[in-house]
Amino acid sequence: MTMMLPLEDVDPTIFQLVQRETQRQEDGLELIASENFTSRAVMDAMGSPLTNKYAEGYPRKRYYGGCEVVDEVEQLAIDRALQLFGADHANVQPHAGSQANLTAYLAVLQPGERLMGMALTHGGHLTHGHKVNHSGIIFDSVQYGVDEATGLIDMGQVREMALRERPKLLIAGSSAYPRVIDFAAFADVAREIDAVFLVDMAHFAGLVAGGHYPTPVDHADIVTSTTHKTLRGPRGGFILCREEFTKAVDKSVFPGGQGGPLEHVIAAKAVGFGEALQPAFKEYGAQVIRNAQRLGEVLAENGYDLVSGGTDSHLILVDLRKKDFTGKDGEAALGRAGIHVNKNTVPGDPRSPFVTSGLRIGTPALTTRGMGEDEMSQIADFITRVLGSPDDETVEAVSAEVLELTEGFPLYTSSATT
Ligand SMILES: *Cc1c(COP(=O)(O)O)cnc(C)c1O
């Protein structure tokens, strides 16, 4: 029986690809704002026999037998999420952030009803009502943006639009907004039009957990999130809500939107939440923000414009409109040097989302590796050199320095990948 043989023996092709990807992560400078490096402990839980268990339903209310152990696992994940964020109720079953959003919307809206979220091109997310996403297909979606002159959300404009459009669900939260969002002001607008207020904290949940970004929990009816971005857990999602939405949210996740929960991932979420409850995670979050601020300061000194002039969070958005190259070119040139960022539209971008005039740069992953402000200054200079002259000579020179830097901050190789 091959069941107990390791991957290396059973499927050398996939094993090699896993090795190559691990090495790629080890050797590069990961500055994609939505990515992070999760712990060996989280991955151990994910790669466990819990993946075999069917457990439709919720702890102590399952449609399958043999759930007594996974009941304890899921209850621990719920308890730790509540301890971390202080909500009335937590559902830890959503498979990812997008599932968390759609199921949360369907908990409070009928198909065809109106929601209002932030436009993707202004820093929002596809799942906040974009026309190609189910959120924009199933619901009647209207979208707000930022003030193009300042790059900031103008609550006066949001309120005016909300009063005009009267959505039943108001969504705050973003994927590429460097600043703090005023959740209290959004809650006031939602109350004024009698809408449900939902915050999607997918990007900044880890900063909220550490107390470095205002918590939406006190202001929102429902909070959705991922577990794998700044929160640094396994790839997945979860939903928090006020007591009165508990039944609707749970029913919408199961049986509404999903079948069997991924109990191995839920175990890993419990591990991730447990890690985020440790004092070290608070220090991590503070360092993530200091690193983003340093990166932004040095890039600004080197002649790059930043949307909103800087950051309060884990990411910066570089505005390339005054430069003679696009976000797409910038992403490709930096990628060749082993520096991984992503192209991103800037507010009022004249270019398409496939080309863009911006770069989104985030510090959660490199901060996990142990890098600090000095390394950020160095990286800002790497970026400036590559973008300034993206020729082979410069790219090769910078790649060598990137490799030297990453070798000083080993990731998984020190604990040997098996
Ligand atoms: C990443 C993200 C999501 C989607 O999460 P997935 O796990 O990729 O489905 C939803 N909302 C926001 C704001 C995000 O940044």
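## Ground rules

Because this is a predicted model, local features need pLDDT of at least 70 and side-chain atom pairs count only at pLDDT 80 or more, while totals for chains, interfaces and linings use all residues. Numbering runs from 1 along each chain as its sequence is written, and side-chain values use heavy atoms, with hydrogens and water left out.

Where they touch, domain 1 puts in 20 residues and domain 2 puts in 23 (contact means heavy atoms within 4.5 Å).

## The interface

About 1800 Å² is buried between domain 1 and domain 2, with carbon and sulfur atoms giving 59% of that. Buried area here is the accessible area (1.4 Å probe) that two parts lose on being put together, summed over both. On the domain 1 side, Pro178, Arg179 and Arg232 supply 32% of the area buried against domain 2, more than any other three residues.

Arg179 turns up again in a salt bridge with Asp312, with the closest N and O atoms 2.8 Å apart. The rule (a side-chain nitrogen of Lys or Arg within 4 Å of a carboxyl oxygen of Asp or Glu) finds 1 salt bridge across the interface of domain 1 and domain 2. By class, the side of domain 1 that touches domain 2 has 9 nonpolar, 8 polar and 3 charged residues; Pro counts as nonpolar, Arg as charged and Gly as polar.

Four strands make an open antiparallel sheet, ordered S11-S12-S15-S14. Strands are DSSP runs of E, at least two residues, numbered from the N terminus, and two strands pair if DSSP finds at least two bridges between them. S11 (305-306) and S14 (342-343) are the edge strands, each with a single partner, so one side of each has no neighbour in the sheet.

S11 pairs with S12 (residues 315-319) over 2 bridges, in the antiparallel sense. Leu306 has Val318 in S12 as its bridge partner.

Most residues other than glycine have a negative phi, and most peptide bonds are trans. The bond from Phe254 to Pro255 is cis, with omega near 10°. Pro255 lies in helix H10 (residues 246-257); helices are DSSP runs of H or I, at least four residues.

Asp194 has a positive phi, near 60°, and is found in the loop between helix H8 (183-192) and strand S8 (196-200).
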